[in-house]
Amino acid sequence: MNKDADAVDAITAQWNAVRPELDVAPMGVFGRIYRIGRAMGDAIERTYARYGISRGEFDVVATLRRSGEPYTLSPRQLSATLMLTTGGMTGRLDKLEKAGLLCRKPDPHDRRGLQVTITEKGLALVDEAVVAGLEVQRAALSGLTEEEAETLSGLLRKLLAGV
């Protein structure tokens with residue numbers, strides 16, 4: 001094995017030894033994607049925990065922030081954007097509202113609907129947390145040149161489009 005070999009290389013080498021007729025190259029790609037995703041997910045979760053929120057809760061507040069002023073969406077819009085069930089969304093909204101990061105009000109255009117709006121406290125928190133999360137991501141990419149990172153992003157975009 002070469003000096004740059006990793007745990008995924010060890011796994012594929014073992015498969016090659018016991019099942020040499022198999023092409024295990026896809027295992028190398030997806031094994032690394034899975035491990036990177038898990039490691040980065042854990043790192044981001046720890047980062048957002050410093051702000052008293054989970055990654056899922058960050059996603060809700062960040063979605064409101066990204067929506068632009070007046071930073072208001074319906075629970076249905078949030079659920080669709082985050083690919084979350086309404087039950088899952090309700091739990092997150094309850095916790096974030098209790099923490100003072102967002103508020104829910106009746107929708108003035110739909111008597112049955114609600115609007116979710118980020119609060120000033122939520123806006124300040126998400127603006128800090130997004131910077132901290134980007135620092136973690138930037139550090140993880142520090143072993144790549146800017147060109148390599150752009151190439152990787154393009155290749156992953158292409159791969160994602162095919163799944």
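**Close-up views: rings, salt bridges and surface patches**

**View A. One aromatic pair is counted in this predicted model**. Rings of Phe, Tyr and Trp (its six-membered ring) pair if their centres lie within 6.5 Å; planes under 30 degrees apart count as stacked, over 60 as edge-to-face and the rest as tilted. The ring centres of Tyr48 and Phe58 are 4.1 Å apart and their planes meet at 15°, so the pair is stacked. Tyr48 belongs to helix α2 and Phe58 to helix α3, so the contact ties together parts that are ten residues apart in sequence. Helices (H or I, at least four residues) and strands (E, at least two) are DSSP runs, numbered from the N terminus. Tyr48 is buried at 5% relative accessibility. Phe58 is buried as well, at 7%. Buried means under 20% relative accessible area, exposed over 50%, and partly exposed in between (1.4 Å probe, protein chains only).

Residues are numbered from 1 along each chain as its sequence is written, and side-chain values use heavy atoms, with hydrogens and water left out. As the model is predicted, local features need pLDDT of at least 70 and side-chain atom pairs count only at pLDDT 80 or more, while totals for chains, interfaces and linings use all residues.

**View B. Glu57 and Lys95 form a salt bridge**. A salt bridge is a side-chain nitrogen of Lys or Arg within 4 Å of a carboxyl oxygen of Asp or Glu. The structure holds eight of them. In the Glu57 and Lys95 pair, the closest N and O atoms are 3.1 Å apart. Glu57 sits in helix α3 (residues 55-66) and Lys95 in helix α5 (residues 86-98), so the pair ties together parts that are 38 residues apart in sequence. Glu57 is buried at 8% relative accessibility. Lys95 is partly exposed at 45%.

**View C. Asp94 and Arg104 link a helix to a strand**. Their closest N and O atoms are 2.5 Å apart. Asp94 is partly exposed, at 39% relative accessibility. Arg104 is also partly exposed, at 23%.

**View D. Arg19 pairs with Glu21, and Asp6, Asp9 and Arg32 make a network**. The closest N and O atoms of Arg19 and Glu21 are 2.4 Å apart. Arg19 is partly exposed, with a relative accessible area of 36%. Glu21 is exposed at 55%. Salt bridges link Asp6, Asp9 and Arg32.

**View E. A nonpolar patch lies on the surface**. Patches are made of residues with over 30% relative accessible area and no salt bridge: like charges are joined within 9 Å, nonpolar side chains (Val, Leu, Ile, Met, Phe, Trp, Tyr) within 5 Å. The members are Val29, Phe30, Ile33, Leu141, Leu144, Leu152 and Leu156, with about 540 Å² of accessible area together. Areas come from the Shrake-Rupley method with a 1.4 Å probe; for residues, only the protein chains shown count as cover. Helices α2 (25-49) and α7 each supply at least two residues. α2 gives the most, with three. Leu156 lies in helix α7 and is partly exposed at 39%.

**View F. Glu146, Glu147, Glu148 and Glu150 gather in a patch of negative charge on the surface**. Lys and Arg count as positive and Asp and Glu as negative; His and the chain ends are not counted. Each charge is placed at NZ of Lys, CZ of Arg, CG of Asp or CD of Glu. Glu148 lies in helix α7 (residues 146-161). Glu148 is partly exposed, with a relative accessible area of 40%.
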